[in-house]
Amino acid sequence: ISRAEAQRYIDDYFSKHKSVKAYLDEQIKIGERDYAVKTIMGRIRQIPEFASRKYMDRQFANRLAMNTPIQGSAADIIKLAMNSVYLELKDRNLIHDELIIEAVNDELEIVKELLRRNMENAFELKVKLVCDMHTGSTWYDLK
C-alpha cells in the first residue's frame, strides 16, 4: 500500500484508540527526557539516539521508545513463563524441550495443564494472558 494509505490506517487506529496514542506519546516524552524507557518489569532500554542531531536517528529513537515498553514487556513475561514451565517440568521429571514441549502421550494432559497455567499466570496484568496451544506428532502438525 502507499505511504498515504498506510498513514490513514494508522490515523484511523489512533482516532479509535486515543489512550493507546496517549501512551505511546508519553513513552516518547519519557525517552526524550531520560534517553531511556522501561518495560513493565523495570528493565531499561537506553536510547542515546534522542540526543542525535540527525533527524533519522531521532525518528529511530521515537520508534524504539514506543516499541520497547510493549515488545520488551512481552519478552519479559514470556521469559518468566518459560522459566516457570521449565522448573515445573524439571521438578515433575517430565520430558520437555523449551517452548516446543515434547511429551510422551501419557503425560500430555499434565504437561498441557502446567504449560497453560504457567504461561497465563506469568505476570498479572489488567488484561488476561491467554496461551494458544497446539499438539501434534510432528512439527508440521503444530500449524
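What follows is a conversation about labels and the values behind them.

Trainee: Where do we start?

Mentor: With the ground rules: this is a predicted model, where local features need pLDDT of at least 70, side-chain atom pairs count only at pLDDT 80 or more, and totals for chains, interfaces and linings use all residues. Residues are numbered from 1 along each chain as its sequence is written, and side-chain values use heavy atoms, with hydrogens and water left out.

Trainee: What is the mean pLDDT of the protein?

Mentor: The mean is 90, and 97% of the residues reach 70 or more; pLDDT is the predictor's confidence in each residue, from 0 to 100. Helices (H or I, at least four residues) and strands (E, at least two) are DSSP runs, numbered from the N terminus.

Trainee: What makes Tyr 13 and Phe 14 an aromatic pair, and why is the pair called edge-to-face?

Mentor: Rings of Phe, Tyr and Trp (its six-membered ring) pair if their centres lie within 6.5 Å; planes under 30 degrees apart count as stacked, over 60 as edge-to-face and the rest as tilted. Tyr 13 and Phe 14 have 5.6 Å centre to centre and 70° between the planes, so the pair is edge-to-face. The count by this rule is one aromatic pair.

Trainee: How do you know that Lys 21 lies over the face of Phe 14?

Mentor: The rule asks for NZ of Lys or CZ of Arg within 6 Å of the ring centre and within 35 degrees of the ring normal. Lys 21 is at 5.4 Å from the ring centre of Phe 14 and lies over its face.

Trainee: Why is Tyr 13 called partly exposed?

Mentor: Buried means under 20% relative accessible area, exposed over 50%, partly exposed in between (1.4 Å probe, protein chains only). Tyr 13, at 42%, therefore counts as partly exposed. Phe 14, with 21%, is partly exposed too. Tyr 13 lies in helix α1 (residues 3-16).

Trainee: Which residues touch the most other members of the largest nonpolar core?

Mentor: A nonpolar core is a set of buried Ala, Val, Leu, Ile, Met, Phe, Trp, Tyr and Cys residues joined through side-chain atoms within 4.5 Å. The largest one has 13 residues, and Val 85, Leu 89, Leu 94, Leu 114, Leu 115 and Met 119 touch the most other members. The elements giving two or more residues to this core are α3 (55-91) and α4 (108-120). A second, separate core of eight residues includes Ile 47, Phe 50, Leu 64 and Ala 65.

Trainee: How does the span of α4 sit against the expected value?

Mentor: The expected span is 1.5 Å times one less than the number of residues. α4 has 13 residues and reaches 18 Å from first C-alpha to last, close to the expected 18 Å.

Trainee: Why is Lys 112 called partly exposed?

Mentor: Lys 112, in helix α4, has a relative accessible area of 24%, so it is partly exposed.
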